[in-house]
Amino acid sequence: MRIAVIRTPEVPRTCGAGITAASLAAAGHAVRVFTDVPDDPDLTAPAGGGTLRVQPWEAGQDTALAAAWSDDPPQVVHAIGPRAGAAAVATGVPVVQVYPADCPGPAAIPAARTGSSQGAARVLASSEEQHTALLRRGVPRAVLRTVPAAVDTDVFTPDGPALRRDDRPRLLAVGSLADGAGMDTVIRALSRIRTAELLVAGGAADPDPDRARLFGIAREAGVAGRVRFLGPVEGGLMPRLLRSADAVVAAPERDVGVGPVLQAMACARAVVATSVGGLQDVVVEGVTGVLVRPSRPAELAVALRGVLGDDALRAGLGIAGRDRAVSRFDRARIADALTVVYGELVGEPAAEPAEEDDPEDRAPVGAAG
């Protein structure tokens, strides 16, 4: 199938465009990516029969998209963010619309936006919570499907090199440093965990006002000497960083992208996360990780102390997390689920992905209405 994947500058880097495009190409599709981040490390050429072409998103492309692919028009467009969707619908090509978890889009989505005569459409949710939210915002149930995020379980593995470390317990937090992303909660929790160090990966290159704000919180909490801000970490360094951690913590107050948590699970790292958004679908409480309520540093600290202080628990959570990442969120499985959705639009029915017998699974992969 010929597929165009579009991401536009207003969506966060964590929207998953790179892993989505690479997964589809690896599944044998001819994928063309229009992106404002052409150097995304996840945009890796497939080893199999598919193709992956990357084209930088240029100013004015919103109104010139059809001309950009006039030589080889796609059969379907995977549009990430409302701007990408509007540009794609105007071309008349069938559109699958995605609203990234940390870029929710308009407060209401008229039905006409999801059933335009210019191009049949589907809307994708990445979690059960987002599925419900999109229904409330006006997306017709008939066009709404749920397909979660993907992870490359061949790259993110338990085995392989890890960054050097000392004997102190190491916590790792990966993601946005913005207010509401929960890094302040993690830092305050650290003040209740003796000896542990915290590595924070994410944010912008210097100068970063969010990093300065968080460093001030660390200083006030008396843990500035145990917190290291690494800045953006991508590519081959991320698996090495994850393997060096005893536990990975994600404590957002709102729904955010779950990619870093899936990568941690694929590396068999124990996860402690807040019970919000897609994290509730990804982390199975007491099986692959521990879930806590958001904005509660004391509660988070109790959970982290329990994981850090119990080697057997930590290892068990990691093993179960790896199994779940492979069986439920591997990029080949997600590519199959997306292909089913695309097939609904272009008249090429595809076999539904096989469902393994997993009673712990709370977020089925595939079309869900």
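Tutor: Let us begin with a pair of helices. The axes of helix 1 (residues 17-26) and helix 12 (residues 331-346) come within 9 Å and cross at roughly 85°. This is a predicted model, in which local features need pLDDT of at least 70 and side-chain atom pairs count only at pLDDT 80 or more, while totals for chains, interfaces and linings use all residues. Residues are numbered from 1 along each chain as its sequence is written, and side-chain values use heavy atoms, with hydrogens and water left out.

Student: What makes helix 1 roughly perpendicular to helix 12?

Tutor: Axes are lines fitted to C-alpha atoms, for helices over the stretch in contact, and angles run from 0 to 180 degrees between N-to-C directions. Angles under 35 degrees count as roughly parallel, over 145 as roughly antiparallel, 65 to 115 as roughly perpendicular and the rest as oblique. The crossing angle is roughly 85°, and therefore helix 1 is roughly perpendicular to helix 12.

Student: Which residues make the contact between helix 1 and helix 12?

Tutor: Contact means heavy atoms within 4.5 Å. Helix 1 contributes Ile19, Thr20, Ala22, Ser23, Leu24 and Ala26, and helix 12 contributes Arg331, Ala335, Leu338 and Tyr342. Seven residues of this contact are nonpolar, two polar and one charged; here Ala, Val, Leu, Ile, Met, Phe, Trp, Tyr, Cys and Pro count as nonpolar, Asp, Glu, Lys and Arg as charged, and the others, Gly among them, as polar.

Student: How do you know that helix 1 is mostly covered?

Tutor: Nine of its 10 residues are buried, where buried means under 20% relative accessible area, exposed over 50% and partly exposed in between (1.4 Å probe, protein chains only). The buried residues are Ala17, Gly18, Ile19, Thr20, Ala21, Ala22, Ser23, Leu24 and Ala25. Their cover includes strand 1 (2-7), strand 2 (30-35), strand 3 (51-56), strand 4 (76-80) and helix 12.

Student: What makes strand 10 and strand 13 edge strands?

Tutor: They belong to an open sheet of six strands, in the order 10-9-8-11-12-13, with parallel pairing. Two strands pair if DSSP finds at least two bridges between them. Strand 10 (227-231) and strand 13 (289-292) each have a single partner strand, so one side of each is left without a neighbour in the sheet.

Student: How do you know that strand 8 and strand 11 pair?

Tutor: Two bridges join strand 8 (residues 170-174) to strand 11 (residues 247-250), and the strands run parallel. Leu172 stands opposite Val248 in strand 11. Helix 8 (residues 259-266) packs on the sheet, touching strand 8, strand 11 and strand 12 (270-274).

Student: Why is strand 6 described as covered on both faces?

Tutor: In a regular strand the side chains alternate between the two faces of the sheet. Ala121, Val123 and Ala125 on one side of strand 6 and Arg122 and Leu124 on the other are all buried.

Student: Why is the crossover from strand 6 to strand 7 called right-handed?

Tutor: Three bridges join strand 6 (residues 121-125) to strand 7 (residues 144-146), and the two run parallel. The chain crosses between them through helix 4 (residues 128-136), and this β-α-β crossover is right-handed. The term applies if, with the strands pointing away from the viewer, the path from the first strand over the helix to the second runs clockwise.

Student: How many helices and strands are there in the protein?

Tutor: There are 12 helices and 13 strands; helices (H or I, at least four residues) and strands (E, at least two) are DSSP runs, numbered from the N terminus.
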